[in-house]
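User: I'd like to learn how to read pockets in a model. Could you walk me through it?

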Amino acid sequence: MTDAYGAAGVDIDAANETVERYRAILERHPDPRVLKGIGGFSGCFALQGFTEPVLVASTDGVGTKVLVAAALRRYGTIGADLVNHCINDLLCSNAQPLFFLDYLAMGKLDPDAAADVVRGIADACHASGIAMLGGETAEMPGVYTPPHFDLAGTIVGALERSALLDVSNVVAGDAIIGLPANGLHTNGYSLARATLPQTRWGDPVAPGDARSIGDALLAIHPCYLSHVRAMQRAGVAVKSMAHITGGGLIDNVPRALPDHLAARFDSSRWRVPAIAELIVREARLTPDEAYRAFNMGVGFCIVVSRERAERALAAARDALAATPIEGAHNVVAIVGEVEPRHACGPSVIIGGS
């Protein structure tokens, strides 16, 4: 019998093989909360341990970082990028992540590459105590040209209603603690690729640095869940948080502030990753452009009272020492403070001393 679907570019046998590989990957990390997972039309999760639960959900992707992974045929890290990005977004609501679902689309289904992607997702989920509940793998000839693909995911978490953060609790004088970035994370890759052609990806990212530009571009987006929870276990009341993604400090920090307040940052208190420095220099970006395109070394911001800042710093430093972020300048610091916002002034001011 002729295989008309196969002739059209869709390999059902490869899809079945890929699903079986997924099963083997997920069997390494069984989760008793998953009542029905991969293979069905939907997943079922047992919600436990909450009195008045509020569900929190977020969906995101990894942008054109997938083009770097595809060009270098290195698929093992992009799944962790996706999970960690989504966890950090969820964390800004103070939610505890519960389960994750992925969407992987390829022009030509490659079971090896797909398994590498999903293995990265599963391992990142396991590292943060999240169930991988299921997902979708699609073969889409004509939409994507091999080896190109796209990757997105949805995360769901929960918290007690009483634990929801309210940015109206932020006041002038509060401290802003910055957690370190190890690279571009999952934003700014269109500008990165336009500035640094693939022919240079084998070059050192900086003089004396053993990492190549390609290595730096594929550095895994860190997860900041353990650092924030360490602060809270130390008795620090976190007032608000900002995940520094597309838009950088300039566009993301205002989401964690009331309209009448501004954040003033001192850029001398942290270090910029080498890959960001290289792009800023070669693209000749202005400071405003740089701080809108990239995180510039601050991956996550936590607003706490000035009185609790040192306790928060100590807890975050201990957490970072226990699990360093690979490729980052592993320094936690008070990177700024909250101040009254002038009527015609910006929400974010970045200076250096």
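Analyst: Let's go through the pockets one by one. This is a predicted model, where local features need pLDDT of at least 70 and side-chain atom pairs count only at pLDDT 80 or more, while totals for chains, interfaces and linings use all residues. Residues are numbered from 1 along each chain as its sequence is written, and side-chain values use heavy atoms, with hydrogens and water left out.

User: What volume does the largest pocket have?

Analyst: Rolling a probe the size of a water molecule over the atoms shows where empty space is left. A pocket here is an open set of points on a 1 Å grid over the protein atoms alone where a 1.4 Å probe fits, with protein on both sides within 12 Å along at least five of seven lines. The volume, the space filled by probe spheres set on the points, which are joined across faces, edges and corners, is about 620 Å³ for the largest pocket.

User: Which residues of its lining lie nearest the centre of the largest pocket?

Analyst: Lining residues have an atom within 4 Å of a point. There are 25 of them, with Asn182, Ile220, Pro222, Ile325 and Glu326 nearest the centre. α8 gives the largest share of that lining, three residues (helices are DSSP runs of H or I, at least four residues, and strands are runs of E, at least two, numbered from the N terminus).

User: And the second largest pocket, what is it lined by?

Analyst: This pocket has a volume of about 480 Å³ and 22 lining residues, with Ile38, Gly39, Gly40, Gly135 and Glu136 nearest its centre. Two or more residues each come from α2 (12–26), β4 (96–106) and β5 (131–139), and β5 gives the largest share, six residues.
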